[in-house]
Amino acid sequence: MIEPGSKLVMVGDSITDCGRAHPVGEAPRGGLGNGYVALVDAHLQALHPDWRIRVVNVGTSGNTVADVAQRWEGEVMALQPDYVSLMIGVNDVWRQFDMPLVVERHVGIDEYRDTLRRLVATTKPRVREMFLLSPFYLEPNRSDPMRKVVDAYIEAMRDVAASERVPFVDVQAEFDDLLTHVNTWALAPDRVHPYLNGHLVIARAFLTAIGAL
């Protein structure tokens, strides 16, 4: 799925950022942060060194898909990636719950879907592949109000991936399997920002998608 000698740029919000170096996060010396991006890179460097994959982290804490779209050309495509991964959506939902009156920070599902589709459609011809990683919410009760909205946004991303013919990585499904065995508090303090065990779940799902596991 991923060709040797390639550059992989990983984009997202705080879950991707995870303390990475700015303006561009790159190994060594902790430049990739302490989350799933660093785990992806560690796996590739340790188990597939002959692939010579260069991993770059440009996740930015607090981003919605609208924020990502604003910086896409200058901070993502300017790096001339061969592959791009994008995990985005939880802030698009969360701001509707933690800032219900600050409507200018909200990203409705139609805007989310349309912006995501535009990003994929304009990026696909310029890279070898683009990967969409679903947002997630570490709440097993699917009737929970925020979990229900996150699920709707996941389906919007799934629809975009199918219509634009790009790989879709269902991170929420991976966590749902794990949550049949452990409590959500074992994975994250706030059901959004995972501990290292949760980041390993994300990294494993992505590595499987690119054929590295």
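User: Which residue in strand 3 is the bridge partner of Leu-8?
Analyst: Strand 1 (residues 7-12) and strand 3 (residues 54-57) run parallel and pair over four bridges; two strands pair if DSSP finds at least two bridges between them. The bridge partner that Leu-8 finds in strand 3 is Val-55.

User: Before we go on, what kind of model is this?
Analyst: Residues are numbered from 1 along each chain as its sequence is written, and side-chain values use heavy atoms, with hydrogens and water left out. Local features need pLDDT of at least 70, side-chain atom pairs count only at pLDDT 80 or more, totals for chains, interfaces and linings use all residues, and the model itself is predicted.

User: How many residues of strand 4 are buried?
Analyst: Tyr-83, Ser-85 and Met-87 point one way, Val-84 and Leu-86 the other, and all are buried. Buried means under 20% relative accessible area, exposed over 50% and partly exposed in between (1.4 Å probe, protein chains only). The buried count for strand 4 is five of its five residues.

User: Staying with strand 4, which residue of strand 5 is the bridge partner of Ser-85?
Analyst: Strand 4 is joined to strand 1 by five parallel bridges, with Gly-12 partnered by Met-87. Five bridges also join strand 4 to strand 5, again running parallel. In strand 5, Ser-85 has as its bridge partner Phe-131.

User: Is Val-90 buried or exposed?
Analyst: Val-90 is in helix 4 (residues 90-98). Leaving out residues up to four places away in sequence, Val-90 touches Asp-13, Ile-15, Pro-135, Phe-136, Met-146 and Val-192. At 2% relative accessibility, Val-90 counts as buried.

User: How many nonpolar residues are in the contact of helix 2 with helix 8?
Analyst: The axes of helix 2 (residues 36-47) and helix 8 (residues 196-209) come within 8 Å and cross at roughly 55°, which makes helix 2 oblique to helix 8. Angles under 35 degrees count as roughly parallel, over 145 as roughly antiparallel, 65 to 115 as roughly perpendicular and the rest as oblique. Among the residues that meet are Leu-39 and His-43 in helix 2 and His-199 and Phe-206 in helix 8. By class (Ala, Val, Leu, Ile, Met, Phe, Trp, Tyr, Cys and Pro nonpolar; Asp, Glu, Lys and Arg charged; the others, Gly among them, polar), no charged and two polar residues take part, while the nonpolar count is ten.

User: What is the handedness of the crossing of helix 3 and helix 5?
Analyst: The axes of helix 3 (residues 65-76) and helix 5 (residues 109-123) come within 9 Å and cross at roughly 30°, and the two helices are therefore roughly parallel. A crossing is left-handed if the near helix is turned anticlockwise from the far one by less than a right angle, and right-handed if clockwise. The crossing of helix 3 and helix 5 is left-handed.

User: Where is the cis proline Pro-28 found?
Analyst: The bond joining Ala-27 and Pro-28 is cis, with omega about 5°. The peptide bond from His-22 to Pro-23 is also cis, with omega near 10°. As for Pro-28, its place is the loop between strand 2 and helix 2.

User: What is the relative accessible area of Arg-29?
Analyst: Arg-29 lies in the loop between strand 2 and helix 2. Phi of Arg-29 is positive, near 55°, whereas most residues other than glycine have a negative phi. Arg-29 is exposed, and its relative accessible area is 79%.

Note on methods:
Axes are lines fitted to C-alpha atoms, for helices over the stretch in contact, and angles run from 0 to 180 degrees between N-to-C directions. Contact means heavy atoms within 4.5 Å.
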